[in-house]
Amino acid sequence: MTSSKHARRPHHWRQDLVELAALFTAVAVADAAANTIAHGPEGPVLLGTSAAVMIATAGFHTWWARRHRHDSPPGPTPGTSHTGHGAGPAPAPAPSAAPDPDPNGTTLWRLRTTVRDLPGSLAVLCTTLARSRVDILTLQTHPLSDGTVDEFLLRAPDGLTAADLTRTIDAAGGRGTWVERADAHDLVDAPTRVLNLATRTALDAAELPLALRQLLGRCTIHSLPATSLGGRSLGERVPDEGVLEDTVIRLPDPSGGVITVERPYLPFTPTEFARARALVELDAQLGPRVPGSRDVFTLPEGNEITVRRADTDDLDAALAMHGRCSTRTLGLRYHGPVHDADRYLGHLLSPRFGRTLAVQTPSGRLVALGHLLWDGNETEVALLVEDDWQRRGIGGELLRRLVAMAVETGCDSVYAVTQASNTGMAAAMRGLGLPLDYQVEEGTLVITTRLAPTPVVTPEPHGPREPEREEQESYGPA
């Protein structure tokens with residue numbers, strides 16, 4: 001630390017002599033000027049004019065200084081940061097790229113592109129998007145061996161199309177650009193979304209295929225069991241760590257078999273593969289699990305029945321119900337030889353392939369099953385009601401609950417496959433109050449409904465309902 005004595009500038013006597021000489025010279029000049037002006041014929045006028053000119057000059061200088069004031073540089077605005085690691089002056093701030101509000105509204109887009117892993121590549125993309133008045137809401141990066149995949153959530157003016165965005169990104173150095181419309185659900189950041197999916201998977205084993213689909217975007221999930229319905233080994237094996245093959249992910253199913261995830265339009269990244277594998281490992285660690293909630297439903301005649309989730313632990317009770325069903329009821333349900341019906345139950349009750357609701361009497365007797373089945377990227381509903389319990393509203397109640405589950409899990413539509421003569425299933429689908437699409441081919445009826453954005457309203461569990469009067473109440477297949 002330097003002392004104040006050494007830091008003070010030394011004072012020299014020559015400086016005093018120079019300042020004193022300058023003062024004497026200024027006084028002499030002022031005295032001579034005053035004598036000349038004051039004793040002249042126009043002395044007073046000249047002095048007044050000089051004073052006015054000096055006052056005007058001072059006023060003009062004050063105005064000019066205020067107009068062109070050199071303010072200090074503004075501090076960083078919210079959302080920006082400045083680092084002081086580099087030498088030299090800070091760069092001048094770039095002109096603001098924020099556009100005026102678009103009177104025609106905006107659209108959310110998801111965009112993914114691959115860029116070279118070089119400094120400044122991402123900055124070029126962001127600058128190019130800003131010039132097109134596109135706001136970047138979120139950004140994820142997926143490192144690759146030969147570049148980086150950047151995934152954006154964008155808010156763009158309505159007039160900007162997917163083709164426009166693709167051309168803009170390609171011009172900025174992006175390649176393999178993919179664009180699709182997004183919605184408000186995409187505004188949830190990636191860590192939060194992954195934690196929510198992990199929580200749902202932990203609570204319900206049937207959530208794993210849905211969680212994978214929501215984690216990886218538009219993709220098709222197939223669960224291939226270890227053995228066929230006939231007990232024959234299917235021979236499909238994958239390593240414990242799984243396999244990533246461009247647009248296909250294959251992972252070992254904790255319940256046996258293989259889970260295959262396909263997305264033909266866009267290759268999976270190592271980051272996505274790692275996230276999917278983590279969800280499957282979580283499922284394997286927790287083992288089989290089904291929520292234990294139960295609802296009591298009162299039938300029109302006053303009898304109470306219980307609606308609950310079912311799984312493979314209910315296989316024996318389901319087989320006993322099959323034995324009490326007529327050949328016609330089983331035929332309408334499974335569309336095949338009746339003696340094969342029992343073989344389907346293990347598949348249908350597995351949480352890996354969907355959710356199952358069971359209806360049981362106070363004595364514990366199983367009298368109906370409703371299935372919500374994950375069929376690739378589609379969802380199927382199917383019902384079976386024991387003959388003695390048909391036409392009491394059980395089928396319609398199960399269907400409403402299954403559709404409400406489909407809505408809660410984000411499914412866009414559900415479909416039912418049955419025979420064209422099954423008026424009971426058609427009536428139950430109409431009872432949903434949703435738009436229906438019918439397709440009939442060689443006696444097979446496919447009924448598809450687009451789901452409402454909010455869950456289907458289910459009546460109070462204890463509230464009585466009017467009975468449904470269909471000719472037959474057997475329902476579509478798996």
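**View 1. Strands β5 and β8 pair in the antiparallel sense over 5 bridges.** The model shown is predicted. Strand β8 spans residues 258-262. Threonine 220 has glutamate 262 of β8 as its bridge partner.

**View 2. Four strands form an open sheet in the order β5-β8-β7-β6.** Pairing is antiparallel. The edges are β5 (220-224) and β6 (243-245). Each has a single partner strand, so one side of each lacks a neighbour in the sheet. From one strand to the next, the twist averages 15°.

**View 3. Helices α7 and α8 lie across strands of the sheet.** Helix α8 (residues 270-286) lies across β6 and β7. Helix α8 runs at about 25° to β7.

**View 4. Helix α6 (residues 190-203) packs with helix α7 (residues 208-216).** The angle is about 170°, and the axes are 9 Å apart. Angles over 145 degrees count as roughly antiparallel, so α6 is roughly antiparallel to α7. From α6, Arg193, Val194, Leu197, Arg200 and Thr201 make the contact. From α7 come Leu208, Leu210, Ala211, Gln214 and Leu215. The contact residues divide into 6 nonpolar, 2 polar and 2 charged.

**View 5. Helix α9 (residues 315-324) has buried residues Ala318, Met321 and His322.** These residues cover an arc of only 105° around the axis, so they sit on the same side of α9. An α-helix has 3.6 residues a turn, so residues three or four places apart point the same way. Asp316 and Gly323 are exposed, on the face of α9 turned away from its buried side.

Methods. Residues numbered from 1 in each chain as written. Predicted model: local features only at pLDDT ≥ 70, side-chain atom pairs only at ≥ 80, totals over all residues. Heavy atoms only, no water. Axes fitted to C-alpha atoms, helices over the stretch in contact; angles between N-to-C directions. Helix = DSSP H or I, 4+ residues; strand = E, 2+ residues; numbered from the N terminus. Parallel < 35°, antiparallel > 145°, perpendicular 65-115°, else oblique. Contact = heavy atoms within 4.5 Å. Nonpolar A, V, L, I, M, F, W, Y, C, P; charged D, E, K, R; others polar. Buried < 20%, exposed > 50% of the residue type's maximum accessible area, 1.4 Å probe, protein only. Arc of directions from axis to C-beta. Pairing = 2+ DSSP bridges.
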